Amino acid sequence: MQVDGQRFLADLHKLRSFGASGVGKGVVRPAYSEADSAARVWLAARMVEAGLRVETDAMGNLFGLAEGPSLLLGSHSDSQPEGGWLDGALGVIAALEVARSADVPVSVVSFQDEEGRFGVTTGSAVWSGQLDLAEADLLLDDSGIPLGQARQVVNDTGNVDPAQFTGFIEMHIEQGPVLDTTAEQIGVVSDIVGIRDMKITFQGQQNHAGTTPMHLRRDAFQAVSDFNHALTERFANVVTPATVWTIGHLSLHPNASSIVPGKAVFSMQWRDGDADRLGRMEQIILTLAQEVAQARGMEVSFGTMLGLEPVKMDARLRQALESSAETLAHGGWRVMPSGALHDATNVSQLMPVAMLFVPSIGGISHAFQEDTAEADLVLGLEVLAGAVAALHR
């Protein structure tokens with residue numbers, strides 16, 4: 001299979017133009033935004049040019065379908081609120097290039113809302129049956145907009161039957177420092193960590209910041225501070241060096257400098273490769289939040305628990321990637337886990353899955369500075385194409 005590296009790079013840069021931030025190669029293309037919708041219209045046209053039949057389901061997942069049973073390749077094309085040009089987009093454009101270069105049936109997908117404006121890999125979660133559409137429609141973004149309202153921009157052509165696909169391979173940037181640090185060019189993923197994500201609310205008492213004595217305050221932000229400070233100690237005998245947890249979003253009400261905040265809503269996310277450990281961490285989080293609320297005379301409530309289980313990659317698909325990596329990047333590749341979450345986790349409930357990584361310069365992702373050397377991008381494409389060709393021999 002002869003892929004066209006320059007055509008592939010040109011399409012990657014074109015996709016970057018939809019929602020270009022004006023800062024380096026940064027992109028602002030959240031799910032269902034104007035930029036995201038425009039990008040999907042352009043992608044659909046490129047799929048048609050490649051001889052694929054285009055379908056879009058109710059969530060906005062965009063498929064370019066080959067005739068008959070086919071291997072599915074792709075990722076997502078939405079971005080973080082301040083995202084890079086390769087996260088997700090790389091996998092979609094690499095899939096497109098392989099599909100139009102292959103003499104075997106290859107289908108392409110760009111899943112919607114992988115970046116979690118409304119949840120965790122929402123588009124592939126609904127498509128794979130892990131999340132009911134009616135339930136998903138009730139999910140709110142950080143501005144309080146429900147998903148059911150946001151997805152009204154979608155031109156729904158009907159559901160896409162997963163039974164037509166023989167497997168799924170997702171190419172992605174590593175989003176971490178391992179390959180860049182070791183000067184290796186390819187990572188073949190062994191497994192994807194599991195994730196849990198929920199919102200926690202402390203309800204205290206809004207009051208005057210000048211006249212309310214410190215010992216009488218029911219300050220919701222101080223409750224968040226107490227919780228965050230104690231969490232590391234509570235986790236000490238449970239987590240491993242590979243375990244991570246993050247409070248990434250905090251909203252205070254009324255968010256004014258002269259008012260003791262009466263309400264704090266924050267995100268709590270944790271990731272690990274062991275499902276049992278994720279469960280033990282959940283119990284620690286719930287118990288600690290309740291203890292902090294009681295100690296400060298507040299109420300605490302918990303939002304919907306979102307999450308995905310750890311997933312091992314399919315042995316046959318992974319072997320094809322490893323063989324292709326050894327041929328094209330001899331001595332310059334490794335097998336490695338994925339600490340980031342990907343649509344492949346959801347798709348694994350329907351079919352065999354595998355993943356391929358290329359380096360992230362400086363280990364930076366989810367930022368405007370995200371980048372990868374173009375030679376590494378093209379090599380990754382060639383490794384993917386080699387694996388696809390081998391799977392059809």
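## Helix packing and cores in a predicted model

Helices α8 and α9 lie oblique to each other, since their packing angle is about 140° and an angle counts as roughly antiparallel only when over 145. This is a predicted model, so please read each value here as computed from predicted coordinates.

**The α8–α9 pair**

- Helix α8 covers residues 220–235 and helix α9 covers residues 275–295, and their axes are 10 Å apart.
- The two helices, α8 and α9, cross in a right-handed sense.
- From α8, the contact draws on Ala223, Asp226, Phe227, Ala230, Leu231, Arg234 and Phe235.
- From α9, the residues taking part are Met281, Ile284, Ile285, Leu288, Ala289, Glu291 and Val292.
- Sorted by class, the contact between α8 and α9 holds 11 nonpolar and three charged residues, with no polar ones.

**The α2–α3 pair**

- Helix α2 (residues 34–49) packs with helix α3 (residues 89–101) at about 15°, again with axes 10 Å apart.
- With that angle, α2 and α3 are therefore roughly parallel to each other.
- The crossing of α2 past α3 is left-handed.
- On the α2 side, Trp42, Leu43, Arg46 and Met47 make the contact, meeting Val92, Ile93, Leu96 and Arg100 of α3.

**The nonpolar cores**

- The largest nonpolar core has 56 residues, and Phe8, Leu12 and Ile186 touch the most other members.
- Helix α12 (residues 374–391) supplies the largest share of this core, with 10 residues.
- Another core, of 25 residues, lies apart from it and includes Leu231, Leu286, Ala289 and Ala293.
- Beyond its neighbours within four places in sequence, Ile186 contacts a list of residues including Leu179, Ala325, Trp333, Leu356, Phe357, Leu379 and Val383.
- In soluble globular proteins, nonpolar side chains tend to be buried together.

**A loop residue, Ile361**

- Ile361 sits in the loop between β17 (353–358) and α12.
- With a relative accessible area of 41%, Ile361 is partly exposed.
- Ile361 and Thr372 are 11 residues apart along the chain, yet 5.5 Å separates their C-alpha atoms.
- Leaving out neighbours within four places in sequence, Ile361 is in contact with Asp180, Asp371, Thr372 and Ala373.

Notes. Residues numbered from 1 in each chain as written. Predicted model: local features only at pLDDT ≥ 70, side-chain atom pairs only at ≥ 80, totals over all residues. Heavy atoms only, no water. Core = buried A, V, L, I, M, F, W, Y, C linked by side-chain atoms within 4.5 Å. Buried < 20%, exposed > 50% of the residue type's maximum accessible area, 1.4 Å probe, protein only. Helix = DSSP H or I, 4+ residues; strand = E, 2+ residues; numbered from the N terminus. Contact = heavy atoms within 4.5 Å. Axes fitted to C-alpha atoms, helices over the stretch in contact; angles between N-to-C directions. Parallel < 35°, antiparallel > 145°, perpendicular 65-115°, else oblique. Left-handed = near helix turned anticlockwise from the far one by under 90°. Nonpolar A, V, L, I, M, F, W, Y, C, P; charged D, E, K, R; others polar.
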